[in-house]
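Q: I have a model open and would like to go through it piece by piece. Can you take my questions as they come?

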Amino acid sequence: MTIINPVERHLFFEGILMKYGYDFRQYAEASLDRRLVNLMIKYRTQTLLDVLKLIMDDPEQFRAVLGLLTINTTEFFRDPSFFRTLRESVLPLLQTYPKINIWSAGCSTGEEVVSLAILLKEEGLDKRATIYATDVSPQALKTAKEGIYENSCIAHFNRNYALAGGTRSPSEYYSAEYGLVRFSPSLFSNVVFSEHNLVTDSVFIEAHLILCRNVLIYFTRELQDRVFTLFSRSLVHKGVLGIGSKESIRFSRAAPFFSTLHHEDRFYQFNARAEIGPGSFLGAVQ
Amino acid sequence: MIGTSAGGVTTVQALLRELHGKLSLPLLIVQHLPADARVNPALIFGSFTHATVLEAYDKVAVELNHVYFAPPSYHLLIERDFTLSLTQDEPVHFSRPSIDVLFESAARAYGSELCGVLLTGANQDGAAGLKAISDLGGYTMVQDPRDAEVGTMPQAALSLFTPNFTGTVKELSRQLLNVANGGAV
């Protein structure tokens, strides 16, 4: 088994940060090491520094490496009960706003955006809502923007749509051709896609709902704190945050500012007026 | 660290029963399951052991007298600071959770202070991970393929390298206690 040399890892990530601005220094190490080993196998190099040399003056090659260092696992209506709760318990809370901003943070290849857009349409919120779909990976965003997927995803889409409480014919939302399915462009009319890096970028909208699922598990606790802080500063008072089913806000310094809306499906409501003591984290970052 | 697949539930139950009240070291277990399986390991395994049985969650420190199971559809890894990590990286050997992923990360974190056990199963996952544990000085054990409900997985490990110990579930648990008490784990 290849063991990543810590000095090399350090230099590799410092190099990427200086040259391209992506900061991997606070990613959880065990799985990242596995991906680094896979990189060395793919590029047939003995050391990480050889990979670094390959990408230093080749942005195209760097994008490929970036794709391999980030995780794009996602699916339509992932954890269907999450979307059922979103439909039944969370969207009604947003009904009262004349304009609704939703941030899909770490949207990957767009399956979550499609799922969300369908819910908004069916609940009659699509005219008022804007989805800001962001990801760190330009490659993933490109797929998300196109809204075209392999035919093989459809059985899964149909099944999860129904499990998430969908009652229409799922084929209303897509057309199939040449082994591919294209989701209706009308679903994307109120979606803004944009590159955004949760590690280094800052607040860019005032959000009523943030979905960030299975992104935080790749980060160390320190970095998770930064992201929760970022979300706190982005959310309106009483705004809602939904995270992955194995993630928790419990250990975060932001925890006192969130009350649990739904534990099982990980929905939390932000309370900007929570008791703020001296040295509180919100005070510290503002 | 324990890895298992087909036939694993009853085998792990039997192993835990043998270790009941005798082993305080933390156990991490990957049992292959369908991605949408809704399982509560505490219900399935809790009555077989004195230890606290739970589904592993992200970023918690590993504790004595705890048995952690990887949740369906997540890889379970252990960090160098002995906290757990969950990820949804690509499946390995068509498996997520993958035994190789847990074993390799544990080998890095614990080195020689680790014992890896590979039980019954119907694919190749776990063999390379167990060898990684061995390469980094850990103690490795494989269920005798003739004792296993499905022998493919232990056989894959035996074909790859020679583990420290091979035996039935009863023999494995006895040896595990020997090694643990001898301070080799």
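This is a predicted model: local features need pLDDT of at least 70, side-chain atom pairs count only at pLDDT 80 or more; totals for chains, interfaces and linings use all residues.

Q: How many helices and strands in chain A?
A: Chain A has ten helices and ten strands. Both are DSSP runs numbered from the N terminus: helices are H or I with at least four residues, strands E with at least two.

Q: How compact is chain A for its length?
A: Its radius of gyration is 20 Å, close to the 19 Å from the globule rule for 286 residues, so chain A is as compact as a globular protein of that length. The radius is taken over C-alpha atoms, and the rule is 2.2 Å times the number of residues to the power 0.38. The C-alpha trace of chain A spans about 60 × 55 × 30 Å along its principal axes.

Q: Sheets next. What is the order of the seven strands in chain A?
A: The order is 6-2-1-7-8-10-9, in an open sheet with mixed pairing. Two strands pair if DSSP finds at least two bridges between them. Strand 6 (191–195) and strand 9 (258–262) of chain A are the edge strands, each pairing on one side only.

Q: How do strand 1 and strand 2 of chain A pair?
A: Strand 1 (residues 100–105) and strand 2 (residues 129–135) of chain A pair in the parallel sense over six bridges. A:N101, for example, has A:T130 in strand 2 as its bridge partner.

Q: Which strands does helix 6 of chain A lie across?
A: Helix 6 (residues 111–122) of chain A lies across strand 1, strand 2, strand 6 and strand 7 (207–212), and runs at about 170° to strand 2. Such angles run from 0 to 180 degrees between N-to-C directions, with axes fitted to C-alpha atoms, for helices over the stretch in contact.

Q: And the three-strand sheet?
A: That open sheet of chain A has the order 3-5-4 and antiparallel pairing. Strand 3 (148–150) and strand 4 (174–177) of chain A stand at the edges with a single partner strand each, so one side of each has no neighbour in the sheet. Strand 4 pairs with strand 5 (residues 180–183) of chain A over four bridges, and A:A176 has A:V181 as its bridge partner there.

Q: Which residues touch the most others in the largest nonpolar core?
A: In that core of 120 residues they are A:A117, A:I210, B:L76, B:L102 and B:A106. A core here is a set of buried Ala, Val, Leu, Ile, Met, Phe, Trp, Tyr and Cys residues joined through C-beta atoms within 7 Å. Buried means 20 or more other C-beta atoms within 10 Å of the residue's own, with C-beta atoms placed from the backbone.

Q: What does A:A117 touch?
A: Leaving out residues up to four places away in sequence, A:A117 touches A:I131, A:L187, A:F188 and A:V191. Contact means C-beta atoms, placed from the backbone, within 7 Å.

Q: How many residues of chain B are in contact with chain A?
A: 21 residues of chain B are in contact with 17 residues of chain A. Helix 3 of chain B gives the most to its side, with five residues.

Terms used
Residues are numbered from 1 along each chain as its sequence is written. Chains are lettered from A and ligands numbered from 1 in the order in which they are written. Two residues are in contact if their C-beta atoms, placed from the backbone, lie within 7 Å. A residue is buried if 20 or more other C-beta atoms lie within 10 Å of its own, exposed if 12 or fewer, and partly exposed in between; C-beta atoms are placed from the backbone.
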